[in-house]
Amino acid sequence: MAFAGVAALVAILVGGLGYDAAASLIRRDRAADFSQSLTALRSAVKQSPLDPKNFLPSKQNTENQMEDEFTQSGDIGIQILGPGGDVLQAGSPDRLHVSTEDKVLTREHEAGAIHDVTEQAGQGHYRVVTVSLGGGRGAVQLSQLLSTTDQLLGSLLVRIELVAAGVVLAAGASGWWLAGRITQRLVSLTGAAEHVASTGQLDVDVPRSGVDEIGRLGRAFDDMLGRLARSKDDQRRLVQDAGHELRTPLTSLRTNIAALPKLDLLPEESRYALLDDLQTETRELTVLVNELVELAADRREAEEPTEVDLGALAERVADLARRRSGREIVVAARPAFVSGRPQALQRALTNLVENAAKFATGDSQILVRVESGRVAVLDRGPGIDEGDLDRVFNRFYRATRARSLPGSGLGLSIVREVAESHGGRVFARNRPGGGAEIGFTLPTLPMLPLPAEAGEYETGSGLSGKLPTTRRPTNRTRT
């Protein structure tokens with residue numbers, strides 16, 4: 001309806017303006033022809049005395065040359081009046097009316113006097129101008145048939161109306177077709193949304209075709225449903241894995257708690273072992289619950305990204321780990337600035353260092369290496385079985401040799417999630433000579449040169465040396 005309405009308005013405006021211009025042009029052209037003939041006739045009767053017989057055919061020449069001279073246009077005719085107003089030669093194709101004013105002009109002494117009227121004669125509509133011959137010799141009536149002009153303009157108006165009606169119908173049909181195509185996809189998209197809202201099922205067909213806004217909306221809605229489905233599957237797997245992992249400490253706790261009423265009857269060594277086991281299982285259960293809560297809530301997503309110096313972050317994490325574990329942790333860091341969430345990156349680094357501290361044998365050194373957005377934590381532990389290298393970052397996955405050690409199996413999976421959420425990736429490999437190298441890589445920010453004197457650095461182990469002097473455009477001058 002909107003298309004048809006706009007088309008009708010445009011057709012009316014264009015058709016009306018076109019008809020008015022064409023009608024004015026045609027009428028002006030016909031009027032110019034008649035004015036030219038009238039001027040020539042008046043000039044002829046004023047220059048020399050003319051008699052009505054000059055306009056009538058002669059015996060020698062049946063053609064009226066005088067009449068032909070003033071009627072070059074096919075719609076102009078002449079009717080000859082005698083001195084008394086009688087019609088000597090009727091006009092063609094219709095006989096013109098002779099009024100009292102016309103009879104007076106036939107007796108007029110001045111040549112070229114006129115009487116202009118518009119009249120209906122026979123079946124035609126005429127403009128008639130009566131011109132006196134002067135000296136009472138009669139008059140000539142010059143006529144122009146206006147009916148042909150009216151018929152031409154009437155035919156033109158009908159054609160314009162037909163074209164306008166066709167344009168309106170075509171626009172309405174096009175609008176109906178286009179609206180049907182658009183609303184069909186909208187109806188399908190609305191039906192899919194209502195189905196999801198009423199059933200909670202996310203595996204529905206969503207129209208994705210088209211490059212317009214409806215197509216973009218369909219693709220965005222389908223991608224959103226896909227993300228929701230993946231999130232729902234992740235939550236389901238998390239709950240299932242969590243339930244499986246919680247059974248072991250809960251079973252152990254339940255067994256130990258069942259023995260508590262008989263604690264006084266147990267030997268002293270058994271009592272201490274029971275209480276130590278309760279404390280260990282409670283601590284592991286607390287760690288596991290905290291990891292699950294953090295994974296389920298994903299509180300890191302609420303943190304705003306900012307510029308982070310991975311070298312400084314590694315120093316801070318290593319310092320905290322030294323105080324907690326008492327192990328020797330060496331940091332070899334080059335400037336590496338990334339855009340990320342500081343708390344999430346610190347948690348990922350902490351998990352890597354704690355994982356290395358758990359597996360490092362004896363008093364072996366743990367090395368944290370940061371260079372060009374690559375963070376690696378190296379230990380001298382038993383290493384990783386080749387079959388486990390691709391699975392160490394899976395949730396709740398624990399290698400066979402690690403099942404007797406404390407842990408929830410979620411630390412490295414958190415590292416992977418943090419790295420991937422920052423556009424990076426994780427890696428794990430065995431070190432030559434024993435041990436493992438586990439870490440992640442992130443895209444770095446562009447670096448700018450520092451002043452030459454800012455090239456000193458110090459590691460967490462007290463080592464010092466020279467590194468390439470580069471910095472980010474910030475207020476600090478750390479290397």
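**Salt bridges**

I started by searching the whole structure, a predicted model, for salt bridges, and the search came back with 7. I then went through some of them one by one.

I looked at Asp116 and Arg127 next: they form a salt bridge, with their closest N and O atoms 2.9 Å apart. Asp116 sits in strand β3 (residues 114-121) and Arg127 in strand β4 (residues 124-132), so I noted the pair as a link between distant parts of the chain, 11 residues apart. How accessible is Asp116? I get a relative accessible area of 40%, so Asp116 goes down as partly exposed. Arg127 is partly exposed as well, at 22%, which I read against the cut-off of 20% for buried.

Where do the two partners sit? Asp212 is in the loop between α4 (147-199) and α5 (213-259), while Arg185 is in helix α4, so this pair ties together parts that are 27 residues apart in sequence. I also checked cover on both sides: Asp212 is partly exposed at 26% relative accessibility, whereas Arg185 counts as buried at 16%.

Arg322 and Asp319 gave me a salt bridge with the closest N and O atoms 4.0 Å apart. The cut-off is within 4 Å, so I wrote the value down with care. Both residues belong to helix α7 (residues 310-325), and they are 3 residues apart, about one turn of the helix. Asp319 is partly exposed, with 35% relative accessibility.

I moved on to α1, which has 46 residues. From its first C-alpha to its last I get 67 Å, close to the 68 Å expected at 1.5 Å a residue.

Which residues of α1 are buried? My list includes Ala4, Ala7, Ala11, Gly15, Ala23, Ile26 and Phe34. Further entries, among them Ser37, Leu38, Leu41, Ala44 and Val45, are buried too.

I also found a nonpolar patch on the surface, formed by Val6, Leu9, Val10, Leu13 and Val14. Together these residues have about 470 Å² of accessible area. I placed Val6 in helix α1 (residues 2-47). Is Val6 buried or exposed? Val6 is exposed, because its relative accessible area is 53% and the cut-off for exposed is over 50%.

**The chain as a whole**

I counted 9 helices and 16 strands in the protein chain. Buried residues make up 39% of the 479 residues. For contacts between residues at least 6 apart in sequence, I noted that 61% join residues at least 24 apart. The chain exposes about 27300 Å², and carbon and sulfur atoms supply 55% of that area.

**Confidence**

I left pLDDT for the end. The chain has a mean of 79, and 83% of its residues reach 70 or more. Where is confidence lowest and where is it highest? The lowest mean, 38, is in strand β15 (residues 464-466), and the highest, 93, is in strand β10 (residues 374-378).

Over residues 450-479 pLDDT stays under 50, and the model has 62 contacts beyond four places in sequence for this stretch. Where pLDDT is low, the predicted coordinates should not be read in detail. I have marked residues 450-479 in my notes, given that pLDDT under 50.

How values were computed. Residues numbered from 1 in each chain as written. Predicted model: local features only at pLDDT ≥ 70, side-chain atom pairs only at ≥ 80, totals over all residues. Heavy atoms only, no water. pLDDT = per-residue confidence, 0-100. Helix = DSSP H or I, 4+ residues; strand = E, 2+ residues; numbered from the N terminus. Contact = heavy atoms within 4.5 Å. Patch = residues over 30% accessible without salt bridge, like charges linked within 9 Å, V, L, I, M, F, W, Y side chains within 5 Å. Areas by Shrake-Rupley, 256 points an atom, 1.4 Å probe, with all protein chains shown as cover. Salt bridge = Lys/Arg side-chain N within 4 Å of Asp/Glu carboxyl O. Buried < 20%, exposed > 50% of the residue type's maximum accessible area, 1.4 Å probe, protein only. Expected span 1.5 Å × (residues − 1).
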